[in-house]
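Let's take a look at this structure together, one piece at a time. Keep the 3D view open as you read.

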Amino acid sequence: MYGLVAFGLSLIFGVLRIINFAHGAVMMLAMYATYWLFTLLKIDPYVSIVITGPAFFVLGMVIQRVVIEPNRFAAEHNQLLLTLGLALFLENLALVLWQGDFRTVRPSYANASFDLGGALVEVPRLVACGGAIVVAVVLFAFLKLTDVGKAIRALAEEPEGAMLMGIDVARIRAVAYGIGAGAVAVAGALVTPFFYVAPDVGESFNIMAFVVVVLGGMGNFVGALLGGFIVGLAESLGATLLPGSLKQLVVFALFVLVLLFRPAGLFGGGRGR
Amino acid sequence: MGAEVLAGVALGALLVAPPFLPPYFLEILISVMLFGYLGAAWNILGGYAGQFSFGHAAYFGIGAYTSTLLFLNLGVTPWLGMLAGGVLAAVYGLFAGYLSFRYGLRGPYFSLVTLAFAEMLRVVAVNTKAVGSSIGLVIPNREPAPLNFVFAGKLPYYYVILAMALGAVWITRLLARSKLGYSLLAIRENEDAAEAAGVDALGMKLRAMALSSFLTALGGTFYAQYFAYIDPTITFGPSVSIQGLLQAIVGGAGTVLGPLIGAFVLTPVSELSRAAIRGRAGVDVMLYGFVLILVISFLPNGIMGWVRKRR
């Protein structure tokens, strides 16, 4: 699951060279969208992906065009702060609009589970996991096979070269951001049946996504998925070894170690230092 | 010339006016000074050395917890605890800084690692009974006792934080004209070139780190004494780190007065919006986010950068 969140983040980093602090906030918005579609219009969270995915793709493009593109030549740390400002804005907008209460989406299958060789498997989690893999495969195919996908990869590899080859750099950047936002929106919809919705829910996913992206190598899309797997494992391992929320400590420690020793990621391909 | 007169008048007003202000304004001024102080502390590392820390909450929290725990458990006066907290925070800062700088982390990577170092402390604090876990710590028995950093009314707190903020500005001013200051600027502009020119980049950055974390921790102790309550989210949470850097960025990172000016702009904005729209949490921080976007987009060097350009 973290893999899908991180996938979008990694894509945005690869193409835009921005560490996107607003990623979690966009996911939070998508979770609220899922919540409202379910509560008001009785649209199933999984069905709502058809609506939220494209809607957040467009939202992502707008964010890129309006907020980030004009500052493309600003210093690196200023771009970082820009997405931080965006995250603060969106998160607290949600807090103002919908207050800080935890909301939940409970479709009929929310508690469905079955026994698999002694391990209890919850259906929504299984669906989320399967969905994440499907979306990842689709996105991967898109990047590999389509012209736009190739342009995105070209831009990630060699921005100047891509520009010289006649790629509309600004447009591709917007598309990349849109895909990142769309992917995280799908992730948001997939987790809503077994997660709570609150204005700061994105933050926890955001930090995890950073860990995942760094682990997998910044801009390395496959690495992001593998990284998601590792972080998930580390977290559940931490949960069995340490009491309470100390499990996060394992993840942070992993994060610091990877940043220090392998800033290009465990699987290479990323651009450290 | 005109600027110096202006600064003199402003300083005079800050010293003389507060006793005559209604309590509400005094509270705002205390917030301004506290945030300006934290901004100034962050500015030494972030503004001058160009190392954008997203984890200054770590040092703030160490300051708040050290003095409070020493006072509650051993009866040590927070004035001493403040120094102890500062030293501890500097040690932690040197540890985090040495690891990051030694392994060549720069730019956003440094920001992320400092964030992780602060978050680790928050998680530990939440899960440790001895430091009050997630419930936090209350400083009971608030009989005024200046020796124990407890005063009657808000006015003495104001003068303490005013002195701290002016002290931080004064230190920044000294720094800006010292060899360390020039070395840091050189590192910020081009670290490789600075090293080639013989600047000990690692040593200089570590000095900035130690100074910055030490000062931030003193702010943590002030916070604990003023509000008499601390918990892991308030002290170690990411919002503290953001608050500090926000003042400096908005006012002008890498300038002597920038952080204080940033605090004078931001704090009233947030207080007014909170007062205007009651019962809705988050309005002030939402505005912070908006202001941050605007400042980065239109005043990338902050208010001071803009003032300088117009001259």
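## Two helices side by side

Before we compare helices, here's how their directions are found: axes are lines fitted to C-alpha atoms, for helices over the stretch in contact, and angles run from 0 to 180 degrees between N-to-C directions. Helices (H or I, at least four residues) and strands (E, at least two) are DSSP runs, numbered from the N terminus.

Now find α6 (residues 155-176) and α9 (201-227) in chain B. The axes of α6(B) and α9(B) come within 11 Å and cross at roughly 170 degrees. That's why the two count as roughly antiparallel (angles under 35 degrees are roughly parallel, over 145 roughly antiparallel, 65 to 115 roughly perpendicular and the rest oblique). On the α6(B) side, the contact is made by Y157(B), V160(B), I161(B), M164(B) and A168(B), and on the α9(B) side by L215(B), L218(B), F222(B) and Y226(B). Two residues are in contact if their C-beta atoms, placed from the backbone, lie within 7 Å. By class, this contact has nine nonpolar residues, no polar and no charged ones (Ala, Val, Leu, Ile, Met, Phe, Trp, Tyr, Cys and Pro are nonpolar; Asp, Glu, Lys and Arg are charged; the others, Gly among them, are polar).

## Where this comes from

This is a predicted model: local features need pLDDT of at least 70, side-chain atom pairs count only at pLDDT 80 or more, and totals for chains, interfaces and linings use all residues. Residues are numbered from 1 along each chain as its sequence is written, while chains are lettered from A and ligands numbered from 1 in the order in which they are written.

## A residue in a loop

A228(B) sits in the loop between α9(B) and β2 (229-230) of chain B. Its phi is near 60 degrees, a positive value in a residue other than glycine.

## Chain B as a whole

Chain B has 14 helices and two strands. Along its principal axes, the C-alpha trace of chain B spans about 55 × 45 × 35 Å. Buried residues make up 52% of its 311 residues.

## Where the chains meet

36 residues of chain A are in contact with 36 residues of chain B. On the chain A side, α4(A) gives the largest share, 15 residues. That side divides into 25 nonpolar, nine polar and two charged residues.

Key. A residue is buried if 20 or more other C-beta atoms lie within 10 Å of its own, exposed if 12 or fewer, and partly exposed in between; C-beta atoms are placed from the backbone.
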